[in-house]
Each structure stands twice: as structure tokens, then as C-alpha cells.
Amino acid sequence: MGQKSENEVSLETAALESPSLKEQLVKSHRLSWYYAPSFLLLWLCLFFAIVIPLYNRLPERITISEELARPGEFVAERAQSQLFVYDRIGQKVTGGYANEVTTVAFLLNEVEKIKQQMLSDLYELEVDVQAPSGSFSLGSMVSMYQGIQNVVVKLSTKQSQSESYLLINSHFDSKPGSPGSGDDGTMVVVMLEVLRQMAISKTPFEHPIIFLFNGAEELGLQASHGFIMHHKRAANCKMVINLEVGGSGGRDLLFQSGPNKPWLMKYYKLYAKHPFATTIGEEIFQEGILPSDTDFRIFRDFGNVPGLDMAQTDNGYVYHTAFDTFDVVPGRSIQNTGDNILALVRGYTNASELSEERSDDEGHAIFFDFLGLFFVYYTETTGIIMNCCIAVISLVLVGCSLWRMARQSEKVTIPQICLWFLIILGLHVVGVILCFCLPLLMAVIFDAGDRSMTYYSSNWLVFGLYICPAVIGLVLPLTLYLTLKPHDKLSHGYHLQMCLHSHLVVQALLAIILTAMGMRFVYICLMAMIFYGGALLINLLSTLHDRGNYWALIVMCLQVLPFCYFCYIFYILLVVYFPITGRNGIGSNPDIMIALICGGATLFTLGFIAQFINAFRWPKLILFGLGVITFIFSMIAVSEVGFPYRAKTHVMRFNFMDTHRMFYEYNGTMSHSDFGYYFSYQDRRGLSPLQDSNVDLTGIVSMEEFCDDYVMCGAPCYYSCGGRRRARWLPRESGIQMPGEVILEFLGKTVSEANKTVRFNFELTGPSQMNIFIQPVGEAKVTDWSFLQDIRERYQPPYHIFFSYGIDNSPFKFFVELTNSDLDYNVPVLEIAVVGHFASPEYTRDANVLKFIAELPDFVDVMEWPAQFKRYIF
């Protein structure tokens, strides 16, 4: 073949430089735009076809009739029959008859049945009803308890000499207004059936087991503190399995472990039949992002007891409501949890590590299940090494790819291609920022328009409201670059590969930075790097890297697994957090957290995939289509569909106290007395959803108005008073009939000339939950008192003491000692208030209050009780 003439070459060059022909050349390497919707729907279908079924997968329930054919297995039907009885007891508020008498009797009766079935030649069973008293700090508050009850059951093998016990814990009390069948009745009956199975098993175990049924978890974890600090068996407990429920049903999520005991994960991997766990949950929970706490913290912090913290997390909408009943607890969920706990108990009770003295410097464990199919764990040290090594390898692979591109393209030098890649990397970083900023902007706009929480009952709205804007933000900068930049020197396929490489570099840099910060959820960056880096390595070795767009097939095939896992993990976060937005308080915009989760989900699930939008013609049109979807979903969200609440299933939480307040002055006279309803907001919308209802809220004012005049704003708040300034007070002209009275009896004062102080002595009687608020007057300072000293030393007044009792209702005596700057104690030096909460269902409600509740819309769930507030000055 002869060489081309100079004229032919110049014509060919001119043709290539022609804008129209250059555009045709670019288009020839792209797919038609109308294939893009099918491409995006493919990944959506994978989510619904793979992720959702695996997330919802539960074992079949085992019935009593099947028990003989399946010996040694957890029998969910028996646990359900016990839960039915537990549910019919009703509300189990600490200090109430239902909790302290009926439920304790129920537990003792069930344990006695198990004792009669037990293989008494192999096992010993001891039952103890503990009624401890004590106190501890809960944030800036003193939490005190008196005579609360724990049912403690010890099961041991007669031949065992081990002094190391396995502790299993759940609580049998409930929130006011809720029977607590999910939280935590489900775990109570799971423990009973596990106890029965262990007691009738012919295979003995080495270490004794303590089954702790605690009766005051909902009051700030008091009963678990009472056990770990005061029970005779507490010092023997070397490990705990804490069982909680954050909703009703679903699988039991392992969301906390350790601390510093990686061997716990070894046994979880060996024995858990249905693994469901993530380090991400542990770090989110321990950072306080979720407004919850569990007994696990008490065992860990006060008893130095490591272990596992597990909870069912589905259907959090019924959590702490009247709808947390037997009917909404799936039997298959009980079976799932029972299978896991029974298997884990059998594993840990024979673990040699339980009796070994091991150091606490072994580091944390990194753990996760892969779609519920298998479980992965490794130590934090291993994670650091893997993160750094894979990140460096990823960067090297990107460098090899860029060198290969330069070698294959005669018109491009290595410095040129490196410069182009840096531009692409910078634009992709902008895209990553927009991936979070655009959903956050949507969250701010909706909140500004009083349309927050539109996804609360219509979860699917997040696809249009937050996922689509995140995809647009992630892809837009590089789309603009690829449509505006000339492609005559480098093929579009190479440019597209560099776009994907830029995401790999971002993941590598994130892995290195977050690892240096000590974050363990970096394993998701590791997973992203492994699968894309693996695809890149295959393409380089097979030369598909340089063969048109064939490299894309390898990339997409290897993205299926990480896509499914990332969808799975972020779906878990959304399932947990959607209901929490309904009880997160009015102080913060919950849509921001949803937007951040959706932004993170988009970044990881679609970080590599979304860039393939640029493999189609007219990618800006595709992004415009996503914008149209966002607009359509926004219109739907501001309609009735976006109204957050639904009767019985997605309720508005409405907490208030019908209150009688009395204010006494220094001379003993009552200066003011009023009646009203104290509302503590549960979600961002406050009381606005009630404005169009029949509820009369005329005259409602902010509690902020009382803060300058009265200690703790005159708020009859419960054990948490942090939101008192944002609470509301609705005055009532007619009196509210109180079912009882809180009485603060002044026993006298003693002035000490030597210490230059004055001591006031008091005796407090009233309902089973009471608050004491202490505020020095003027220049006076508290120098001593009956409560924990570190609270007085570490925090500024007003001081908050929460006091509760269970079976022991004897009066509570205490003193407060103060000093005044001028040593004059014939003037006011102490302002003290007491609040009595008549939260138990045994107390009779006022007729006017019941009428007010009846006027509320059907989408409202009420948690209400009478409260009495008395303020004194001494």
C-alpha cells in the first residue's frame, strides 16, 4: 500500500478539526441517549430484586408441634404465647402495680415452669428478685433509684467450677402509654425460651449464665446500674449480651461490640445463624447521632463488662407508642432472634476466653455481614494495614492506566494526560461536594417551607427528593467537562475511564484520611477500591483497557456486588432513621440527616456507575430528566401524600403533662398557682399539624417566658429537661384534678459557724417518679449535698436530680448545704422545686384532660400523665 500524499493528509487533518465531524466522531463512540433510562433502571431493579428480599429474609417459625422433630431448636410459638400474656398486662411503668407486682409474678411463674422441666441431674437454677438502691450521673443529671426490681436467674451446670458468667439482659418495663410488646417484651420472651432450651439440653456447658430481667430501663437505665453495682453475682459477669428493640420486628442487628475484644466477633461468626451486623452502626450510635441509649453502656462503663449489643430495628414507628402491641410483632422475627441468641449462648458459655484474663489493648473489631449471607470481621490493626495497602495499590493502578493511555495515544504525552487527569479529579471533587450539597439544599428548602419529614410515611419520596439531586451533583461537573472539552487527541473512552479513576483516587484518599482519624467504617471505602481496582487490573492485564468500550463490561460486572452491599447498608440506616425523625425533637432539621445518608448512599452505590451517564449521547438531557423527576417528586411531597402521619402506623407523637404548678415565696406564702398542659415537642413540625384540627390551643405560650422567674423555667419536665426552653405551656382556667400529691417537707436548717455554711434538710414523698431542681439564690453556692458530688463540681446550676422508686416507696431524705458570700443566712439562699410524675396507668385521669385527648386527630398517639410542680425559696 502506498503512502498518502501530503494533500490527502492535510484534507484528513482538516476533516478531523472540523467541529461537525469531530462531534460525529465523539457520538460514534457513545450509545443513544434513550438507552440511559434502561441503564439506570437496571440498577434500581437490582436493588428491589436482590437487596430488599435479602434484607427481609427471615426463617420460618417453629411451632410447639414441631418441637419433638427438631430438638434443641428455639420454638417461636411458645415465646409468642408468653408475649401474648405479657402484652395483656398493659403498660409497665416502673413503680406501678403492673410492673412491680404483675410482671414480676409473670416472670417468676414462667421461670418456675422451666425449673420443673429442667434436667435437674445436670443443672442448677437459682432465682433472685433484687431491689437495689443507688445513684449515678446521667449527663449533667443525677439519676437516683430506690427499690427498683430485677429478676435474676442463674443457670449453671452442676459439674462446673467456672467463676466466669455470661450475662444476658433485657428489660420488662415500658414507657408510659405503651404495653412495650416490642420494646422489650420480645427480648424478654426470647430470653425465657433460651433459658428453657438450655435447661432441658442434654449437652452441658462450662460457664454459668445469668439471665437478667431488669425492671427500670426506660428510666435512664437505672435497673442495669443497680445490678452491675450491687448484685452479688455482678463481679462474676465477664461478658454481656444486651437485647433491645428499637421498633417491632425485623432482624436483630449487632450494632455494638467489645470494647477491645475482637474474640467476641470470632464466636459471633462461628455461631450466629442469621448474621446481621455493621461497624457503621456502632460508630453512629457511639457518636450520639441517634437519640437512644441502652443498658450495654452501663455494663461497659460501670462494670467493665464487654459484650454484644443487639436490637431489632424494623418498624420503629410503633416504638414507645400505644401501638407497640403483640399484633405487630412477627413470629418469624422472634424465631430469627431466638435462633441467633440460643446459638450464641451455646458458643459463649463454652468459650475459653470468657475465663481468661486478657488485656484491653487488643483494639476494636471491624465487622459486617454481607447481605445476611456471611459474616466478615478483622481487627482494627488489620484494617489499618489493608486500608493503606489497597489505597496505595489503587493509586499505582491509576498511574499505570494513565501511562498506558499515553503510550497508546500518539498525540498525547504523559505530562499532558496527567494534567487532564488532575483537572478531572478536581471536577470530580466538586461533584462529590455537590452530591451532598444538593440534597442538603432540598432539605433546607423543604424545612423553610414547613414541609419537613415528607418521607416519614412515604419513604419512596427520598428517591426523587434526595437521590436524584445527589446523582445530578455527582455527575454534572464531569458531564460539562466532557461535552465542552475537545476529544481529538484522546478518545472518549479514555476520558470516561479517567472519570472513574478519579473516583478511585477519592476513595483511596478518603480511606487514608479516615483511617488516620481512627474511623472504622472505612471498610466501605476498602470494598469500593477492591472491586473497581480489581476491574482495572483485569482490563490492564487483558488489554481490554485499550479496546474501545469493552473495559466497561468488566467494570459493571464487578460493580454488582459492591452496589448491592452499599444499597443494603444505607437501606439499613434509612430504615432505622426514618422513624427516629418522628421523635428527634423540634430543635434540629431531621431532613438534613436523611439528605446526608442519601448523599453518602449515592456516592458509594453509584460513585462509579453514575459516571456511565456520560457514555450516552446528550448526557445533559439525561441529567435534566433527573431534575424533572426531582420536580415531580417535590410536587407530590407538598401534597397530601407528603403529610407525614398516618393513623396507627406512622403516628405523630404527642407528649404532654396535665400540670398543677404552685410557687411559694420565702415567707411561705403561695405567690402563684396555675393549671395547664406542658407540651414537649417530639419532632420538627411541633404542634403545626394540629392547627387545622378541632383541638383548642388558644393561649399557648413558650416556656422561655418563665425561665427568668423560676428554676428550670418552671417546667414539669421528666428525666430529660434539655428541651425545656423550646417546650410550650397551654394555660387552663379550670383546675386539673390531681390523682395524688408530691410533698416536700422542710425538716429544718442548721447554720455552721465553723464552716460558715447553712444546711437545709428535707423529706420527699410522692409518686414513683420525681424531679428535684436546685438553684442557689444570689451569691450563694452549694458546698455539699446528699447527691453525687461530681455533678455539683462539674456542672453549673440549676442542678437536676431525678428520683424513682419501685417496690420501696419509703420517703426520701436529703440535705443541701450552701455558703453565702456575706455569711448572712436570714435571706433567701436556695430555690428548690420538686415535680411529681403520676405516670403509672393506675392513676385516674381528669375528665377535662380525657376530653382534650378525645379531640385530637386519629393520627396522634398520646403519651400523657398528671404532674405536680412545687417551687420553694429558703
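This note walks through some aromatic pairs, charges over rings, cysteines and sheets in a predicted model.

1. **Where to begin.** Please keep in mind that you are looking at a predicted model.

2. **A stacked pair of rings.** The count of aromatic pairs comes to 75. How are the rings of Y123 and F205 arranged? Their centres are 5.5 Å apart and their planes meet at 15 degrees, so this pair is stacked. The cut-off behind that word is an angle under 30 degrees between the planes. The two residues come from distant parts of the chain, 82 residues apart. Y123 belongs to strand β1 (residues 123-130), while F205 sits in the loop between α6 (181-200) and β6 (209-214). Y123 and F205 are both buried.

3. **An edge-to-face pair.** Now turn to F656 and F852, whose ring centres lie 5.6 Å apart. Their planes stand at 80 degrees, so the pair counts as edge-to-face; for that label the angle has to be over 60 degrees. Which parts of the chain does this pair tie together? F656 is in strand β12 (residues 652-664) and F852 is in helix α21 (residues 847-854), so the link spans 196 residues of sequence. F656 is buried because its relative accessibility is 1%. F852 is buried too, with a relative accessible area of 4%.

4. **Charges over rings.** Two arginines are worth a look here. R661 lies over the face of F706, and the distance to the ring centre is 4.4 Å. Over the ring of F815 you will find the charged end of R759, 3.8 Å from the centre.

5. **The disulfides.** How many disulfides does a search of the whole structure find? The search gives two. One of them joins C707 to C713, with an S to S distance of 2.0 Å. This link of C707 and C713 is right-handed, with 95 degrees about the S-S bond, and both of its cysteines are buried. Another disulfide joins C717 to C721, again at 2.0 Å from S to S. The link of C717 and C721 is also right-handed, with 95 degrees about the S-S bond; C717 and C721 are buried. Counting bonded cysteines along the chain, the pattern reads 1-2, 3-4.

6. For comparison, a disulfide needs the sulfur atoms within 2.5 Å. C388 is partly exposed, since its relative accessible area is 30%. For C557, the closest cysteine sulfur is in C564, at 13 Å, which is too far for a bond. C557 counts as exposed because its relative accessible area is 57%.

7. **The sheet of ten strands.** Stepping back, you can trace an open sheet of ten strands in the order β2-β3-β20-β18-β22-β23-β12-β13-β15-β14, with mixed pairing. Which strands stand at its edges? They are β2 (133-138) and β14 (701-702); each has a single partner strand, so one side of each is left without a neighbour in the sheet. Strands β2 and β3 (residues 141-146) run antiparallel and are joined by six bridges. As an example, L138 has M141 in β3 as its bridge partner. Helix α21 packs on this sheet and touches β12, β13 (670-680), β15 (728-732) and β23 (860-873). The direction of α21 makes about 155 degrees with that of β12.

8. As background, sheet strands pair through hydrogen bonds of the backbone, and they do so either parallel or antiparallel.

How values were computed
Residues numbered from 1 in each chain as written. Predicted model: local features only at pLDDT ≥ 70, side-chain atom pairs only at ≥ 80, totals over all residues. Heavy atoms only, no water. Phe/Tyr/Trp six-rings, centres within 6.5 Å; stacked < 30°, edge-to-face > 60°. Helix = DSSP H or I, 4+ residues; strand = E, 2+ residues; numbered from the N terminus. Buried < 20%, exposed > 50% of the residue type's maximum accessible area, 1.4 Å probe, protein only. Lys NZ or Arg CZ within 6 Å of the ring centre and 35° of its normal. Pairing = 2+ DSSP bridges. Contact = heavy atoms within 4.5 Å. Axes fitted to C-alpha atoms, helices over the stretch in contact; angles between N-to-C directions.
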